[in-house]
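Reader: I am new to this structure. Could you show me how to read it, feature by feature?

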Amino acid sequence: MDKKVDWMDAMSTLKLFAVILILFAFVFPIFTFTTPASSTEDIAVSAINRAEEVIALAYQSVLEAEKAGANVSGLLTQLNVAGQLLAEARTSYRLEDFDRAVRSANLCYENGEKVRFDAQRLKDLATKDGRQLFWWTTVGSIVGVGAVIFGGFLGWQLFKRRYFQRMGTEVVSDES
Amino acid sequence: MNLEEYRTLFVIGCLIFILAAAAPMLSMVISLPKGSERFSELWVLGPNHMAEDYPFNVTIGGQYNLFVGVGNHMGYSAYYIVYLKFRNRIQPLPDASSSKPSSLPPLYEFRAFVADGATWENPVSFSILEASRRSNSFFIHRICINDVVFSVDSSSNWDSENRGFYYQLFFELWLYNTTSQSFEYHNRFVGIWLNMTRS
């Protein structure tokens, strides 16, 4: 009797094991196939976010360079190329083409970094040029104002002398 | 004229010359506010680059061309996104009074960096790849925009007043705000109506 119960226990354990095995066989592929897909999606999301950030920073640098007086038309052309790549990356992501999204986002990131570096360099140059221009303009204006004051003073003295000479001549001619 | 009057004239003349000599330096120190209004333009042109001959009666498989453009008058180089959205007659448009964009997801997007006073333009080609009709309803399943295929699954009921199945392709303009460091809807949108009746 005990032997029969043991045998039945063993059978039920075996059945349970078989059910678990079958379940595992069904569930395992879901994990194995969803993990790489979701990780590719995660990679795409982080690549797009990274590209998005670098483009925003590059744009800020371009604005700063523009404020410093630099000609930023070339940088805007480069930014448009990078922006197009970012738009492509986002469209590919929406279509769940994550590999293409990553490729476009990475290219965008490289272009954005280059623009940011160029904008920074251009801003430094423009700031330096601006300082020099300000210095020369200030010196020029001060010299100009000084020359006008000095010239005006001399001119007034000369005019005054001539004025009195003429007045004196007129007085003498009146007395005679 | 007596000497006093001559002196006044002389002083005024000198002051004018002093102002002229100091003008370059003053222009660098004092910045006058720009009086002009700041705004952006958004437009759609037909296939001949004119505001005419817009695609209207659309057939399945036919390719249609447009141009979308942006003009910047913001006083600085601006960063824009132009979202292309597709809707049927009952789906929401942007709300101009509350400056809210349409809640529909964009199908396609353009990013543009435009210098102050400059314009940006890009061609847009689209075609309806797959659609079906069931009595009083029309279903668009797939649409191709600039060689990219999108699933839309959008239905439109028969418009008995205007006698057609109508859809709208429209563009929204978004502007990057450097203070909030995010894009904001710029309260500009433009679109064209498409009639699918002849499909």
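This is a predicted model: local features need pLDDT of at least 70, side-chain atom pairs count only at pLDDT 80 or more; totals for chains, interfaces and linings use all residues.

Reader: Which domains does the assignment give for chain B?

Author: Domain bounds come from an automatic or database domain assignment. For chain B, it gives domain 1 (1-32) and domain 2 (40-195). The centres of these two domains of chain B, taken over C-alpha atoms, are 58 Å apart.

Reader: What is the order of strands in the open sheet of five strands in chain B?

Author: Strands are DSSP runs (E, at least two residues), and helices are runs of H or I with at least four residues, numbered from the N terminus. Two strands pair if DSSP finds at least two bridges between them. Here the order is β1-β2-β5-β6-β7, with antiparallel pairing.

Reader: Why is one side of β1 and of β7 of chain B left without a neighbour in the sheet?

Author: β1 (39-45) and β7 (148-157) of chain B stand at the edges, so each has a single partner strand. The twist averages 25° from one strand to the next. Axes for such angles are lines fitted to C-alpha atoms (for helices, over the stretch in contact), and angles run from 0 to 180 degrees between N-to-C directions.

Reader: How many bridges join β5 and β6 of chain B?

Author: Eight bridges join β5 (residues 119-134) and β6 (residues 137-145) of chain B, in the antiparallel sense. In this chain, B:Arg133 stands opposite B:Phe138 of β6(B).

Reader: Which strands stand at the edges of the open sheet of four strands in chain B?

Author: The order there is β4-β3-β8-β9, again antiparallel. β4 and β9 (182-195) of chain B are the edges, each with a single partner strand. Neighbouring strands of this sheet are turned by 20° against each other on average, direction ignored. β8 (residues 166-177) of chain B pairs with β9(B) over 12 bridges. B:Tyr166 faces B:Asn195 in β9(B).

Reader: How many residues does each chain bring to the contact?

Author: Residues are in contact if their C-beta atoms, placed from the backbone, lie within 7 Å. Chain B brings 24 residues and chain A brings 28 residues. On the side of chain B that touches chain A, α1 (3-29) and β4 (108-114) of chain B each supply at least two residues. The largest share, 10 residues, comes from α1(B).

Note on methods: Residues are numbered from 1 along each chain as its sequence is written. Chains are lettered from A and ligands numbered from 1 in the order in which they are written. Two residues are in contact if their C-beta atoms, placed from the backbone, lie within 7 Å.
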